[in-house]
Amino acid sequence: MSSPKGSSDPIDPRLVRKLADILKETDLSEIEVEQGELKIRVARQLTAAPAATYAVASAPVAAPAPQAPAAAPAAEAPKAAAKDVVSSPMVGTAYLSPQPGAPVFIKVGDRVKAGQTIMIVEAMKTMNPIPSPKDGVVAEILVADAAPVEFGAPLIAFE
């Protein structure tokens, strides 16, 4: 073929092939050249579909996780319901001792008196002592130290 100057076809196929070769060599996706009024743009499609496939596959994996925690409280509920239970009066974090490293307020088998502090629930950075509502013997401590608790969550059970 002839050069673009003076020919009826303004596009030089050699220039297009040269631009395509440059795309392959440099791994570019697009190149554009402008000479006077002539403007040539050469582009190629890149295949990037496999990344989207992995994103779709990960969604079903996350779905079973919420089911496991829901089953655990259901298993504990009948156990606590069978006894006289003290429930949390607020949402917060339960602590079984007054400070880290200190002895716990109560242990299983301890006899407690009404008004005696049985644990602390921290809410909004305030330590709230939880008093025993009655005299009794601690049958079970239903919450772990530093565990989050909801309003009405069982804390201890009396015999």
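**A working chat about the chain**

Visitor: Which residues is Gly-115 in contact with, leaving aside its neighbours within four places in sequence?

Guide: Once those neighbours are left aside, Gly-115 is in contact with Pro-131 and Ser-132; please keep in mind that this is a predicted model.

Visitor: And where does Gly-115 lie?

Guide: Gly-115 lies in the loop between strand 5 and strand 6. Its C-alpha is 6.1 Å from that of Pro-133, although 18 residues separate the two in sequence.

Visitor: Let me step back a bit: how many helices and strands are in the chain?

Guide: The chain contains 3 helices and 10 strands, and along the sequence they follow the pattern α-β-β-α-α-β-β-β-β-β-β-β-β.

Visitor: What share of the residues is buried?

Guide: Of the 159 residues in the chain, 23% are buried. The chain exposes about 11,100 Å², and carbon and sulfur atoms supply 59% of that area. As for contacts between residues at least 6 apart in sequence, 50% of them join residues at least 24 apart.

Visitor: OK, helix 1 then. What does it reach from its first C-alpha to its last?

Guide: Helix 1 takes in residues 13–26, which is 14 residues, and it reaches 20 Å from first C-alpha to last, close to the 20 Å expected at 1.5 Å a residue.

Visitor: Which of its residues are buried in helix 1?

Guide: The buried residues of helix 1 are Leu-15, Leu-19 and Leu-23. Viewed down the axis of helix 1, the buried residues fall within an arc of 85°, so they line one face of the helix. An α-helix has 3.6 residues a turn, so residues three or four places apart point the same way.

Visitor: What covers those buried residues of helix 1?

Guide: The cover over the buried residues of helix 1 includes strand 1 (30–35) and strand 2 (38–43).

Visitor: And which exposed residues sit on the face turned away from the buried side of helix 1?

Guide: That face of helix 1 carries the exposed residues Arg-17, Lys-18, Lys-24 and Glu-25. Helix 1 is then followed by Asp-27, which has a positive phi, near 60°.

Visitor: Changing topic: in the largest nonpolar core, which residues touch the most other members?

Guide: That core has 17 residues, and those touching the most other members are Ile-118, Met-119, Val-143, Val-149, Leu-155 and Ile-156. The elements giving two or more residues to this core are strand 6 (117–123), strand 9 (147–149) and strand 10 (154–158). Apart from this core lies another one, of 6 residues, among them Leu-23, Ile-31, Ile-40 and Val-42.

Visitor: You mentioned strand 10. Is strand 10 mostly covered or mostly uncovered?

Guide: Strand 10 is mostly covered, with 4 of its 5 residues buried.

Visitor: So in what order do the 4 strands of the open sheet come?

Guide: The order in the open sheet is 3-10-8-5, and the pairing is antiparallel. Strand 3 and strand 5 (111–112) are the edge strands, each pairing on one side only.

Visitor: How many bridges join the strands, going across?

Guide: Strand 3 (residues 84–87) is joined to strand 10 by 4 bridges, and here Ser-87 has Pro-154 as its bridge partner. Strand 8 (residues 136–141) is joined to strand 10 by 3 bridges, with Ala-157 in strand 10 as the bridge partner of Glu-140. Finally, 2 bridges join strand 5 to strand 8, where Val-112 stands opposite Gly-136.

Visitor: Last one: what is phi for Met-124?

Guide: Phi of Met-124 is near 55°, a positive value in a residue other than glycine, and Met-124 is found in the loop between strand 6 and strand 7 (126–131). Met-124 is exposed, with a relative accessible area of 81%.

Visitor: And what about phi of Lys-125?

Guide: Lys-125 has a phi near 65°, again a positive value in a residue other than glycine, and is found in the loop between strand 6 and strand 7. Lys-125 is exposed too, with a relative accessible area of 77%. Most residues other than glycine have a negative phi.

Definitions and conventions:
Residues numbered from 1 in each chain as written. Predicted model: local features only at pLDDT ≥ 70, side-chain atom pairs only at ≥ 80, totals over all residues. Heavy atoms only, no water. Expected span 1.5 Å × (residues − 1). Buried < 20%, exposed > 50% of the residue type's maximum accessible area, 1.4 Å probe, protein only. Arc of directions from axis to C-beta. Contact = heavy atoms within 4.5 Å. Areas by Shrake-Rupley, 256 points an atom, 1.4 Å probe, with all protein chains shown as cover. Core = buried A, V, L, I, M, F, W, Y, C linked by side-chain atoms within 4.5 Å. Pairing = 2+ DSSP bridges.
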